[in-house]
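Dear colleague,

I am handing over a structure for you to look at, and my notes on its aromatic rings and backbone follow directly below it.

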Amino acid sequence: MKQYIKRYAKHFDYPLFFTYIALALFGLVMIYSASMAWSVNYYGWEPDHFYKQQMINLLLAFPVFLVAAIFPYKHFQRIGFLKLIVAVIFIGLILVHFIGYAGGGAKSWINLGFASIQPSEIAKVGIILYLAGVFANKNKKGSINNFNQSIAPPVVVLTGVLFFVFLEPDLGSMLIIGAVGLCVMLASGIRFKLYLKLASIVIAGAALFILPVVLFAQDVIFTEKRLGRLEAFFNPFSDELGFGMQIVNGYLAIGSGGLSGLGLGQSIQKLGYLPEPHTDFIMSVIAEELGIFGVLFVLGGLCFIVLRGLTIAMTAKDPLARMLAAGVASMVGIQTFVNLGGLTGLIPLTGVTLPFISYGGTSVILLSLAMGVLMNVSMFHKVEKMKK
């Protein structure tokens, strides 16, 4: 083990590491700034409550990152490990419907007493590890293009995950998990025609499960809040004091910031006009306080992680390394798009957090795990290049 750590530590991906740290620490500062007024006025807590909680989250997340960076990623294709991942994902997604509580309109949280976890966040990373491991094994056996033996089982698992996340209902996470799953499959090496067939089956299978729920449980899925968000997407100014308030005040925050911003801590919209400004709308506060420079800092860091992951995926010879890198990169990229798309009005609001920046324990810990996996793959990739 010592020789393994010594060999791979020489090829530590410092740019990737420092980008991850910079985004996490920047997010911590912005959570403190964005949440102070909301913490006091809405919850009656101390102004630094969310800051302290996120500090604890990061102190837990960093060791997770280090363990994932050291743990040899090739173990992810072991059958026992794959079974464990599937079990953890489905146990969490099933339990949340019985003992979970609602947060942001979806019953997606489980209270453990000392902390709360979000099973759909676990599913985002878990589905990457599972699909990458399964397809790597099939690739090794030479049966990856055999639909019945190699492709149907993981497709069933992915469709099942999408169905249970939909039932919460957490439509934003369902969209991310589905898109990330298809990205991992695209990087698996299966024939493109077969991939198109596979993608259509995933979409059709998810629709087949979801359609009866939509038809017979409309009151559960299409709640007043969700319909209001959909209407606000088309015209937020028609109900700017109701469902359109978050989008409209987000626009005001972004417009007020201009080029250089009002200054750190000087946001007006966070003083009660913008609900939960430290979560999915934290980029609005960044734009208002730090202007275009703060926005570019965040987008630059996230783009670097995505491009780094995609570069590793496109150049890696090992199928497992390729799929893991593609999965992590696509997860960060797609989640960023969904968050900023809702904030800017490109797509309806989903309540998805901005990676590494928004407040959230489960989110930052699981993202740190994913970053550790990407770091491990990056180090292995460098070692393989040095050997050649």
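A residue is called buried here when its relative accessible area is under 20%, exposed when over 50%, and partly exposed in between, with a 1.4 Å probe and protein chains only. The model is predicted, so to speak of local features we require pLDDT of at least 70 and count side-chain atom pairs only at pLDDT 80 or more, while totals for chains, interfaces and linings use all residues. Residues are numbered from 1 along each chain as its sequence is written, and side-chain values use heavy atoms, without hydrogens and water.

Rings of Phe, Tyr and Trp (its six-membered ring) pair if their centres lie within 6.5 Å, with planes under 30 degrees apart called stacked, over 60 edge-to-face and the rest tilted; by this rule there are 22 aromatic pairs. In one of them, Phe-17 and Phe-62 have ring centres 6.2 Å apart and planes at 50 degrees, so the pair is tilted. Phe-17 belongs to helix α2 (residues 14–43) and Phe-62 to helix α3 (residues 49–70), 45 residues apart, where helices are DSSP runs of H or I with at least four residues, numbered from the N terminus.

Phe-62 is partly exposed at 31%, whereas Phe-65 is buried, with a relative accessible area of 1%. Their ring centres lie 6.1 Å apart with planes at 20 degrees, so this pair is stacked.

Ring pairs also bring Phe-356 into a cluster with, among others, Phe-17, Phe-62 and Phe-65. Phe-356 has a positive phi of about 70 degrees although it is not a glycine, and it is buried at 2% relative accessible area.

Best regards

Notes. Helix = DSSP H or I, 4+ residues; strand = E, 2+ residues; numbered from the N terminus.
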